[in-house]
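The following paragraphs lead through selected features of a protein model. Please keep the sequence and the coordinates at hand while reading.

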There are 2 protein chains.
Amino acid sequence: MSGTKSIHLVDTTLRDGSHAISHQYTAEQIATIAAGLDAAGVEYIEVSHGDGLAGSSINYGRSAISEEEMLKAASSVIKKGTLTVLLLPGIGTQEDLEMAIHYGAKAVRVATHVTEADIAQQHIAMAKKMGLKTFGFLMLSHMASPEKIVEQAKLFESYGADVIYVADSAGAMLPEDVKARIGAVVNTVSVPVGFHAHNNLTLATANSLAAIEAGASYIDGTCRGLGAGAGNCQIEALVGVLNKKGYQTGVDLYKIMDVAEGLVEPIMHRPQVVRNSAFMLGYAGVYSSFLLHADRAAAKFNLDPRDILVELGNKKMVGGQEDMIIDVAYQLAKKRGA
Amino acid sequence: MSGTKSIHLVDTTLRDGSHAISHQYTAEQIATIAAGLDAAGVEYIEVSHGDGLAGSSINYGRSAISEEEMLKAASSVIKKGTLTVLLLPGIGTQEDLEMAIHYGAKAVRVATHVTEADIAQQHIAMAKKMGLKTFGFLMLSHMASPEKIVEQAKLFESYGADVIYVADSAGAMLPEDVKARIGAVVNTVSVPVGFHAHNNLTLATANSLAAIEAGASYIDGTCRGLGAGAGNCQIEALVGVLNKKGYQTGVDLYKIMDVAEGLVEPIMHRPQVVRNSAFMLGYAGVYSSFLLHADRAAAKFNLDPRDILVELGNKKMVGGQEDMIIDVAYQLAKKRGA
């Protein structure tokens, strides 16, 4: 491995981090943090509702300010970095993307469930036509085999994606799981490959390093790890670790440390520690929306909700299948009783 | 790697964790936590002042209760696990060890600076004679080369140590640093080898896995990572990760999660997150006592204290050399000005 390999960092404090503060970023906070990240040399600065453009809703949680205000606040201060937005097909539309471009977005990450790359064909083509740097982003990648992920990555590439991301949205992967998936994609597509970690198993930094070892050149992180549940890869620590390993990121370590402690930490609602519920999501590899349902089903059948979560993970249940949880709990209780 | 390899876990919540609560454990807290760890199946339960037997002092911080009370509280509830104490030659004495045995200690970890194993010869021999399982524990192991550590480990072995530990006391190692050191020791000594991680670089779990890959079979951790600075390896997460990897620890995951969240988290003084000062200790590889001195010297010479810490790390300065910090800062300022 060359000691001077460059890693492109994407800071998603102002997108994934918004989950952890109930999408309550103010325009001033966005401007201050985006300016700090930009001055620190962060290459991609992602700003959107946690669920992407147009995510602000009763379902996903309302943002404190409009998307226009968010992007305006960021683009007014970003001088060198690339203002990036997230778009989930089915939530964000062409109009949202046009708005984002109008307010300064230069890149978009089009995200789908790991097995549904095909629903992004039009969005990726459209984004490319609009002149945006376009990322294809596979969420909950722990749920698919390396072979399946390669197939999906090839679809993204055929649609014109400039970068393909493998995202461990549930923080469920071990380093070897990351290496297998990233390595398989790197060996197949000709575009750069990225990795997005969550810290549910306390392995976010380790998994990011594993991704780099397997050939990834784009890595996500957030200041102080701010993000849903266990949070993301703590970007200022990642920058320091990459420095120690001899990688170039273009990011000034002390400046990004100061953004994390001086600007982000003070607005956090809670410290980004790995508590039991977040750990279980990663351990079982399930959706956060399953937690409450598992608790209810556990009470009904006198089970430990953690056993239900593990069973749901084994069955590879996905979001939208919450009504099946009672049935899974019933089967589990029957098996226990037998 | 066999899927059924056994890992011996040492929980040091009630020893290393005491640093993080200013050594204020009550007898009741010790009894409750030790009972929980024991019921969860933890093999070794370490209970001592953070700096070992007789550490309670003006210098190191006074414990809330006497060592006798601490050990009595723990041994009165431990049924299966091994009550373990820490002893630093120069602080703890033969009398302290006799007291610990009287109150139920069955194992001792004799800890020295990584280059000073020779000061432990009498203590290890004495502990073995008293019938204790005896660990030789090399602190701040990032400061010595694998070759030096092998030399020191051989000394411990020659004194009769049953297990030899490599401790990353400053949380300064990358996984490859851990592998190099543990691997070298494993290939040289015939006794089992252990690893003690700190999380300053957010790599405590990853480094513990690296140690196991390199042949370590004893691993330390604490509930919720409770420990000085960035804290230790979060033991309940480690248990889960080892489960996922197919290792046997004898520890019930849910039970230790419940100890962490139900008993340890409520008494923590602050969440165990990686803030900038703790990160810098790991990044620079220096003593925590250097922080304040570096801040003062930085103010005097108009420097960033972080640059001073990195320089101190490069010079491999050790505790007791704090008076040299002003000189290092002066040289740094002169170089900057030149």
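Contact here means heavy atoms within 4.5 Å. The model under discussion is predicted. His19(A) lies in helix 1 of chain A, a helix formed by residues 17-20. Leaving aside residues up to four places away in sequence, His19(A) touches Gly50(A), Asp51(A) and Ala228(A). Because its relative accessibility is 26%, His19(A) counts as partly exposed.

Attention now turns to a pair of helices in chain A. Two packed helices are described by the angle between their axes and the distance between the axes. In chain A, helix 12 (residues 290-301) and helix 13 (residues 305-314) pack at about 125°, and their axes are 8 Å apart. The angle therefore makes helix 12 of chain A oblique to helix 13 of chain A. Helix 12 of chain A contributes Phe290(A), Leu291(A), Ala294(A), Asp295(A), Ala297(A) and Ala298(A) to the contact, while helix 13 of chain A contributes Pro305(A), Ile308(A), Leu309(A) and Leu312(A). The crossing of helix 12 of chain A past helix 13 of chain A is right-handed.

In chain B, helix 13 (residues 305-314) is mostly covered, with seven of its 10 residues buried. Among these buried residues are Arg306(B), Ile308(B), Glu311(B) and Leu312(B). The buried residues of helix 13 of chain B pack against helix 11, helix 12 and helix 14 of chain B, and also against helix 10 of chain A. At the start of helix 13 of chain B, a side-chain oxygen of Asp304(B) comes to within 2.8 Å of the backbone nitrogen of Arg306(B). Just after helix 13 of chain B, Lys316(B) adopts a positive phi of about 50°.

How values were computed. Residues numbered from 1 in each chain as written. Chains lettered and ligands numbered in written order. Predicted model: local features only at pLDDT ≥ 70, side-chain atom pairs only at ≥ 80, totals over all residues. Heavy atoms only, no water. Helix = DSSP H or I, 4+ residues; strand = E, 2+ residues; numbered from the N terminus. Buried < 20%, exposed > 50% of the residue type's maximum accessible area, 1.4 Å probe, protein only. Polar contact = N/O pair within 3.5 Å; in protein donor to acceptor, adjacent residues only side chain to side chain. Axes fitted to C-alpha atoms, helices over the stretch in contact; angles between N-to-C directions. Parallel < 35°, antiparallel > 145°, perpendicular 65-115°, else oblique. Left-handed = near helix turned anticlockwise from the far one by under 90°.
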